[in-house]
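Here is a short report on one protein model.

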Amino acid sequence: MGRSILIIEDNEQNRYLVTFLLERHGYIVHSAIDGMQGIDVARASSPDLILLDIQLPAMDGYAVARALRQITGLDAVPIVAVTSYAMPGDRERAIAAGCTGYIEKPIDPTTFVSTIELAFAPRTAVTL
Ligand code: MN
């Protein structure tokens, strides 16, 4: 069975693109449209990696990452922050919240999957 990835992303087009790219590479994809749903799906599906949009309604990605890190069994799962902000300090903020990687939008379909796969190395904070 392939590895599973959870996408927490409120933008339908981005969700569709990421799902398409990952499924084409054999991943099992779960998705959620906001942080609360994302936490529920993460608990239920125990994904091998989480792609976490930072700009989410109600509960932002930083808060979601902090919450995920409190959950037994999800405390070590790689979490890759995805953001369209290009603000100084965002990467550090994502890492401080518990993310293990960071990628900026727009997503490049030609490099996206290979970039994400770098994040499977456990507990290594990397700029992707
Ligand atoms: Mn968003």
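## Salt bridges

The side chains of D53 and K105 form a salt bridge, with N and O 3.2 Å apart. D53 lies in strand β3 and K105 in the loop between β5 and α5, so the pair ties together parts that are 52 residues apart in sequence. A salt bridge here is a side-chain nitrogen of Lys or Arg within 4 Å of a carboxyl oxygen of Asp or Glu. Strands (E, at least two residues) and helices (H or I, at least four) are DSSP runs, numbered from the N terminus.

E9 also pairs with K105, at 3.1 Å between the closest N and O atoms. E9 is buried at 5% relative accessibility, and K105 is buried at 18%. Buried means under 20% relative accessible area, exposed over 50%, and partly exposed in between (1.4 Å probe, protein chains only). R91 bridges to E92 at 3.8 Å. Shared partners join E9, D53 and K105 into one network.

## Metal site

D10 (OD), D53 (OD) and Q55 (O) coordinate the manganese ion at 2.0 to 2.2 Å. Donors are N, O and S atoms within 2.8 Å of the metal (3.2 Å for Na, K and Ca); water is not among the atoms, so sites may look incomplete. D53 is buried at 2% relative accessibility, whereas Q55 is partly exposed at 31%.

## Basis of the model

This is a predicted model: local features need pLDDT of at least 70, side-chain atom pairs count only at pLDDT 80 or more, and totals for chains, interfaces and linings use all residues. Residues are numbered from 1 along each chain as its sequence is written, and side-chain values use heavy atoms, leaving out hydrogens and water.
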